Amino acid sequence: MAVYQRILLAVDLSPDSLLIGQQARALAGALDAELRMIHVVEQMLPVAPIPPDPVVPINVTTQTELIEIAQEQIGKLAQELDVPETRWSVVVGNIKREIVRAATDGKMDLIVIGSRERHGLAFLIKPTEDVVVHRAPCDVLAVRLPE
């Protein structure tokens, strides 16, 4: 029995997503494991207008567009990585929380995520991979990305 049977690939849909995906695909292939993909669209909070401006749901359209674009991009990435449509998803919410939730709900054995070196002020912000490593219900493989 393989150590990792269900692998979750978390992608941000940046150009580096293909590199991370290729690493996850190779690992899944070597282990004969199931590979799933997730992309999280950060929840946009509606901003209340200053009266007397009317309340118009501008963010709803923007959020919907972001989801549609993400679905199109992850679909293309999934084709390149040979991941069936039934094994990828786009969800809306807090990125860190949703990755951990997907791993928990899907009973994943491993999460594969990209990792960049941080410098300057960016070093003060807890990166997604840091939070996922500490909260995940399973192992996490952080693929080092070029600067």
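Helices (H or I, at least four residues) and strands (E, at least two) are DSSP runs, numbered from the N terminus.

Before you start, here is how to read the model. It is predicted, so local features need pLDDT of at least 70 and side-chain atom pairs count only at pLDDT 80 or more, while totals for chains, interfaces and linings use all residues. Residues are numbered from 1 along each chain as its sequence is written, and side-chain values use heavy atoms, with hydrogens and water left out.

**Exercise 1. Get an overview of the chain: how many helices and strands are there, and in what order do the elements run?**

Step 1. Count the elements: the protein chain has four helices and five strands.

Step 2. Walk from the N terminus, and you'll read β-α-β-α-β-α-β-α-β.

Step 3. Check the confidence. pLDDT is the predictor's confidence in each residue, from 0 to 100. The chain averages 86, and 81% of the residues score at least 70. Confidence is highest in β1, at 98, and lowest in α4, at a mean of 86. Where pLDDT is low, the predicted coordinates should not be read in detail.

Step 4. Look at burial. Buried means under 20% relative accessible area, exposed over 50%, and partly exposed in between (1.4 Å probe, protein chains only). Of the 147 residues, 35% are buried.

Step 5. Look at contacts, meaning heavy atoms within 4.5 Å. Take those between residues at least 6 apart in sequence: 78% of them join residues at least 24 apart.

**Exercise 2. Describe how α3 meets α4: at what angle do the axes cross, and which residues make the contact?**

Step 1. Find the two helices, α3 at residues 95-105 and α4 at residues 128-135. Axes here are lines fitted to C-alpha atoms, for helices over the stretch in contact, and angles run from 0 to 180 degrees between N-to-C directions.

Step 2. Read the geometry: the axes come within 9 Å and cross at roughly 35 degrees.

Step 3. List who touches whom. From α3 come I95, K96, I99 and V100, and from α4 come T128, V131, V132 and R135.

Step 4. Sort these residues by type: five are nonpolar, one is polar and two are charged. (Ala, Val, Leu, Ile, Met, Phe, Trp, Tyr, Cys and Pro count as nonpolar, Asp, Glu, Lys and Arg as charged, and the others, Gly among them, as polar.)

**Exercise 3. Stay with α3: which of its residues are buried, and what covers them?**

Step 1. Pick out the buried residues of α3, which are E98, I99, V100 and A103.

Step 2. See what lies over them. The cover includes β1 (6-10), β2 (34-42), β3 (88-93), β4 (110-115) and α4.

Step 3. Visit both ends. N94 caps the N-terminal end, with a side-chain oxygen 3.2 Å from the backbone nitrogen of K96. Just after α3, K107 takes a positive phi of about 50 degrees.

**Exercise 4. Take L13 and D82: is each one buried or exposed?**

Step 1. Recall the background: most residues other than glycine have a negative phi, and most peptide bonds are trans.

Step 2. Go to L13, in the loop between β1 and α1 (16-31). L13 isn't a glycine, yet its phi is positive, at about 65 degrees. L13 is buried because its relative accessible area is 17%.

Step 3. Go to D82, where phi is near 60 degrees, again positive in a residue other than glycine. D82 is exposed because its relative accessible area is 61%.

Key:
Polar contact = N/O pair within 3.5 Å; in protein donor to acceptor, adjacent residues only side chain to side chain.
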